[in-house]
Amino acid sequence: MIPRFDASSFKGITPEMREAFERDGVLVLDGLVSEAACDSLRKHMADMVTDFDVSAHRSVFSSTSEAHAQDQYFLQSGHETRFFLEEEAFDADGNITKPKELALNKVGHAMHDTDETFSAFARQEAFRTICEGLGHKQPLPLQSMYIFKQPHIGGEVVCHQDATYLRTEPETCLGIWVALEDATTENGCLYGIPGGHKTGGVRAAFRRTPGGDSTYTETLDDTPFDEDKKVPLPAPKGTVLVFGGLFPHMSSANRSDKSRHAYTLHVIDGAAHYPADNWLRRPEHLPLKGF
Ligand code: FE2
């Protein structure tokens, strides 16, 4: 049983929270973000989606479009705000079959630096306090995502560790996952493997090729994830889940008629080395900024 902490008047990471995080690999902080803050972030994203020109992007997302164009769109999203669509939102001919606000999979990955509202949300005091309380010396927001998990078509995310995608040496990635709506076993809440961060190391590294215009995944440790031990991590609106880069987690598809909007911020410690073959690169004019 993973403990839940009432964080509605969060003041910092307590010894009990730290113990739970180290033992289980995940920390459940109920009520950390207010419902009003969840609603205003959702409203802001709805406005961004209104401005998003889906027809201009159709060629990139279509399942029949070139893998190369999709790669470039993704690889440049490390320092921009880009929109990614659900595969199931297209028919066999590559035509979009849903209104755009119901076809998006996610928006990422640099809103915390390119957008004022997202910057303020990412840099809220509680998030800095969490990172410092869990050992970061110089917490640096690296990646943000707004995840829609749409009704009926929100796709499955298979079991993985975030340290595969955001690598530092030593490993310092912290994921801060915020339920902007109630996340339940019906609409695709997260699942995780308690203690799984201590079973084997990081299984794989997702790297940029030396030329920089493509990516590949290298297997580092073939210990299988103990998926029989996974538990659901239901999260009422405003709950924050915090987990390290080695914590194995996943979510099932959303076949319900309710959306499951969530926000994630990934933070690394600036005191660690950030290898140049990480997929997420920032150009010189947009370096990572702290809290
Ligand atoms: Fe993840």
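**Entry 1: the iron site**

Which protein donors does the iron ion have, and how far from the iron ion do they lie? I looked this up in a predicted model. I found three names: His 160 through NE2, Asp 162 through OD and His 249 through NE2, lying 2.2 Å from the iron ion. Along the chain, I noted that these donors follow the spacing H-x1-D-x86-H.

**Entry 2**

S6 belongs to an open sheet of four strands, in the order S6-S13-S8-S11, with antiparallel pairing. From one strand to the next, the twist averages 25°. I also examined the pairing of S6 with strand S13 (residues 249-251): the two run antiparallel and are joined by two bridges. Within this pair, I found Val 157 opposite Ser 251 in S13.

**Entry 2: the eight-stranded sheet**

I turned to another open sheet, formed by eight strands in the order S1-S2-S12-S7-S14-S5-S4-S3, with mixed pairing. Its edge strands are S1 (4-6) and S3 (81-85), each of which pairs on one side only. On average, neighbouring strands here are turned by 20° against each other, direction ignored.

Is strand S7 mostly covered or mostly uncovered? I recorded S7 (residues 174-179) as mostly covered, since six of its six residues are buried. In a regular strand, side chains alternate between the two faces of the sheet. In S7, I saw Leu 174, Ile 176 and Val 178 point one way, while Gly 175, Trp 177 and Ala 179 point the other way.

I then followed the partners of S7. With strand S12 (residues 240-244), S7 pairs in the antiparallel sense over five bridges; with strand S14 (residues 262-269), S7 pairs in the antiparallel sense over six bridges. Val 178 stands opposite Val 240 in S12, and its bridge partner in S14 is Tyr 263. For Leu 174, the bridge partner in S14 is Val 267.

Finally, I noted helix H7 (residues 125-133), which lies across S2, S5, S7, S12 and S14 and runs at about 145° to S7.

**Entry 3: the nonpolar cores**

I looked up the largest nonpolar core and found 47 residues, among which Leu 29, Leu 32 and Phe 127 have the most contacts inside it. Helix H2 (residues 35-51) gives the most to this core, with five residues. A second, separate core has 18 residues, including Cys 159, Tyr 191, Ile 193 and Leu 241.

I returned to Phe 127 and listed residues that it touches beyond four places away in sequence; among them are Leu 32, Phe 121, Ile 176, Val 178, Val 240 and Phe 291.

**Entry 4: the cysteines**

How many disulfides does the structure hold? I counted zero. A disulfide is a covalent bond between the sulfur atoms of two cysteines. The sulfur of Cys 38 has its closest cysteine sulfur in Cys 189, at 16 Å, which is too far for a bond. For Cys 189, the closest cysteine sulfur is in Cys 159, at 14 Å, again too far for a bond. I recorded Cys 38 as buried, with a relative accessible area of 0%, and Cys 189 as buried, with a relative accessible area of 1%.

Notes: Residues numbered from 1 in each chain as written. Predicted model: local features only at pLDDT ≥ 70, side-chain atom pairs only at ≥ 80, totals over all residues. Heavy atoms only, no water. Donors = N, O, S within 2.8 Å, 3.2 Å for Na, K, Ca; no water. Core = buried A, V, L, I, M, F, W, Y, C linked by side-chain atoms within 4.5 Å. Buried < 20%, exposed > 50% of the residue type's maximum accessible area, 1.4 Å probe, protein only. Contact = heavy atoms within 4.5 Å. Pairing = 2+ DSSP bridges. Axes fitted to C-alpha atoms, helices over the stretch in contact; angles between N-to-C directions. Disulfide = S-S within 2.5 Å.
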